[in-house]
Amino acid sequence: MHRNSAATVSGPVLVIGSGLLGASVGLGLSVQGVETWVSDISPTTEAVAADIGAGRSLARLVEQVGPESARADIDPQLVVVATPPDVAAHTVAQALEDYPQAAVVDIASVKEPVLLALRETGADLSRYIGTHPMSGREKSGPVAARGELFMSRPWVICEHDDVAPETVRLARGLATDLGANVATMDVQEHDATVALISHVPQVMSSLLASRLRETPLESLSLAGQGLRDTTRIAASDPGLWVQILSANARPVVETLYGVREDLNRLIATLERPTADGARLDIAELMTEGNDGVARIPGKHGGAPKAFSALTVLVDDTPGQIARLLAEVGEIGVNVEDMRMEHSQGQPVGMVEISVVPTARDGLVHELTERGWKIAE
Ligand SMILES: NC(=O)C1=CN([C@@H]2O[C@H](COP(=O)(O)OP(=O)(O)OC[C@H]3O[C@@H](n4cnc5c(N)ncnc54)[C@H](O)[C@@H]3O)[C@@H](O)[C@H]2O)C=CC1
Ligand SMILES: O=C(O)C(=O)Cc1ccc(O)cc1
């Protein structure tokens with residue numbers, strides 16, 4: 001097994017809650033050769049996580065040697081709590097008690113309620129730190145897990161007054177060993193930030209998608225990438241989001257007040273679209289959106305960067321995209337971003353490739369020479 005020599009976490013690591021996130025952590029560490037164990041309240045979920053290689057099953061070991069010996073045998077350096085937000089504090093408190101030598105991190109999407117609940121237990125919090133990987137999927141459970149889930153994504157570490165330096169070191173090490181970029185902030189700043197950049201986007205996507213429930217299928221079949229982009233995360237797990245939104249209600253509401261104000265303004269304008277100033281008002285709203293989206297950082301969290309896109313038509317058959325990307329590589333151009341769109345009812349796909357502006361014209365020429373069809 002490949003082990004990054006600069007890795008911080010030597011293991012063993014116990015992951016409690018082996019769903020999407022927990023199994024992804026387990027997979028990412030296991031492939032690096034770290035001794036990893038998984039545990040879940042659902043025996044089936046735990047068995048699936050173990051089967052896909054996310055770690056060894058704690059329950060299996062408990063069956064063989066009993067709970068106390070199992071805990072002593074594993075003796076984890078680090079426990080990663082990946083249970084849902086409403087049980088995260090309880091799971092952390094139990095882990096601190098069960099594994100008195102271990103550092104314990106949780107990865108729940110909301111941080112202040114977990115820290116406050118832990119403070120109430122009176123637990124020694126020097127071995128605990130809250131963290132939050134800013135990467136996920138709209139699916140849950142270990143079957144959707146990916147060891148690469150955290151690569152080049154931010155991972156927030158929320159230091160608090162009682163945490164020991166060794167705990168911080170291991171939490172940061174976990175994030176970097178899994179390929180993530182560490183960001184630090186306190187729990188309040190974290191919760192306010194994710195309300196705006198993650199929780200309200202989820203709400204907006206769900207509200208928009210809920211408009212589609214009674215739309216005739218013929219109308220939906222006309223949908224292009226705009227609707228798909230804005231509703232992708234509406235497929236997220238309602239059970240998880242009930243917990244996230246209720247735990248972070250105050251910061252989410254603060255952002256929604258602003259959205260409500262803009263929505264009221266737009267409705268009032270569109271009710272009288274020919275009134276003096278109406279068009280200017282619409283233009284202003286759209287421009288404000290342009291300004292906001294231009295501020296979202298580009299690839300790898302760098303500053304927004306303008307790439308040039310070209311759209312290549314590919315047959316909807318296996319291996320075409322791999323062949324296209326291989327040829328772009330042969331031509332010597334780096335793909336900065338890529339997305340795929342299917343044309344409705346056609347056996348053809350459209351691959352939009354973003355490259356640095358200076359490479360675009362040459363690439364169009366070379367690909368055309370090689371027989372690819374470019375939709376400019
Ligand atoms: N889904 C996402 O995109 C992201 C989720 N998170 C956070 O990660 C955590 C896990 O979320 P997912 O993996 O998406 O959910 P999931 O539903 O896929 O996994 C959660 C697992 O925890 C288990 N579980 C529940 N109570 C338990 C308990 N008391 N003891 C042991 N296991 C228990 C469940 O059986 C389930 O397998 C949540 O706190 C969530 O806020 C963080 C970043 C992204
Ligand atoms: O919001 C996003 O962009 C995601 O990729 C999904 C996600 C969901 C919940 C989280 O706590 C963090 C990330």
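This is a short tour of one chain and the two ligands placed with it.

The model is predicted: local features need pLDDT of at least 70, side-chain atom pairs count only at pLDDT 80 or more, and totals for chains, interfaces and linings use all residues. Residues are numbered from 1 along each chain as its sequence is written, while chains are lettered from A and ligands numbered from 1 in the order in which they are written.

**Whole chain.** Show the C-alpha atoms. They fill a box of roughly 70 × 55 × 40 Å along the principal axes. Switch to cartoon: there are 15 helices and 12 strands. These are DSSP runs numbered from the N terminus, helices being H or I of at least four residues and strands E of at least two.

**Domains.** Colour 13–185 as domain 1, 193–260 as domain 2 and 308–375 as domain 3. The bounds come from an automatic or database domain assignment. Between the C-alpha centres of domain 2 and domain 3 the distance is 31 Å.

**Ligand 1.** Select its shell of 28 residues, where a residue counts if its C-beta atom, placed from the backbone, lies within 6 Å. G17, G19, S109, G136 and S140 are the closest. Next, pick α1 (20–30), α5 (85–98) and α11 (238–247); each gives the shell at least two residues. The largest share, four residues, is from α5.

**Ligand 2.** Now select S109, M134, S135, G136 and S198, the residues around ligand 2. How many of them are nonpolar, polar and charged? One is nonpolar, four are polar and none is charged. Here Ala, Val, Leu, Ile, Met, Phe, Trp, Tyr, Cys and Pro count as nonpolar, Asp, Glu, Lys and Arg as charged, and the others, Gly among them, as polar.
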